[in-house]
Amino acid sequence: AETGFGCYRYYEDAGPVVYRTLDGGETWSRLEIEPPEGYSSDRYRWVFTPESPVFDGNSGVMPVTVLDQDTGESTQLELCTQDGGLTWDWG
């Protein structure tokens, strides 16, 4: 009940931008999310747009749409957590 996430793509960078609260919104901290392997060689080519995570207990999945600005094609990736959103890994 106290944990929440704000997910979006900021217009000045490629994203994803994810903020987390553990105290019902009193304070927020930005999660440092590195691009997955294969997407980091040209950071301005890829645009990452995160969506709201879905949880089942402590396990959660955050869908992330990745747009290739060179081709216009998009791919759906997932960030996964097993600890209630404290840490995330590309699935």
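View 1. C80 is partly exposed, with a relative accessible area of 22%. This is a predicted model. In it, the cysteine sulfur closest to that of C80 belongs to C7, and the two lie 14 Å apart, too far for a bond. A disulfide is a covalent bond between the sulfur atoms of two cysteines. Here the sulfur atoms would have to be within 2.5 Å to count as a disulfide. Seen from C7, the closest cysteine sulfur is in C80, again at 14 Å. C7 is also partly exposed, with a relative accessible area of 21%. The disulfide count is zero.

View 2. Three strands form an open sheet in the order 1-2-3, with antiparallel pairing. Strand 1 and strand 3 are the edge strands, each pairing on one side only. Strand 1 covers residues 4-8 and pairs with strand 2 over five bridges. In this pairing, Y8 stands opposite V17 of strand 2. Strand 3 covers residues 29-30 and is joined to strand 2 by two bridges. Y19 has R30 of strand 3 as its bridge partner. R20 stands opposite S29 in strand 3.

**View 3. Strand 2 under cover.** Strand 2 runs over residues 17-21, and four of its five residues are buried. The strand is thus described as mostly covered. R20 is found in this strand. What is the nearest side chain of opposite charge to R20, and how far away is it? It is D83, 6.5 Å away. R20 is buried yet has no salt bridge. A salt bridge would need a side-chain nitrogen of Arg within 4 Å of a carboxyl oxygen.

**View 4. The surroundings of the R20 side chain.** Which backbone oxygens lie by the polar atoms of this side chain? One belongs to G85, at 2.7 Å from a polar atom of the R20 side chain. Another belongs to L86, at 2.9 Å from a polar atom of the R20 side chain. G85 and L86 are also among the residues that R20 touches, leaving out those up to four places away in sequence. That list includes G4 and F5 as well. T27, W28, S29 and L31 are on it too.

**View 5. T27 in the loop.** T27 is found in the loop between strand 2 and strand 3. Is T27 buried or partly exposed? T27 counts as partly exposed, at 48% relative accessibility. Leaving aside neighbours within four places in sequence, T27 is in contact with R20 and T21.

View 6. Strand 6 spans residues 59-68, and strand 7 spans residues 74-81. The two run antiparallel and are joined by eight bridges. L67 stands opposite S74 in strand 7. Five residues lie between the strands of this hairpin. In the hairpin, G72 takes a positive phi near 80°.

**View 7. Strand 8 beside strand 7.** How many bridges pair strand 7 with strand 8? There are two bridges, in the antiparallel sense. Strand 8 is made of residues 89-90. W90 of strand 8 is the bridge partner of L79.

Methods: Residues numbered from 1 in each chain as written. Predicted model: local features only at pLDDT ≥ 70, side-chain atom pairs only at ≥ 80, totals over all residues. Heavy atoms only, no water. Buried < 20%, exposed > 50% of the residue type's maximum accessible area, 1.4 Å probe, protein only. Pairing = 2+ DSSP bridges. Lys, Arg positive; Asp, Glu negative; His and termini not counted. Polar contact = N/O pair within 3.5 Å; in protein donor to acceptor, adjacent residues only side chain to side chain. Contact = heavy atoms within 4.5 Å.
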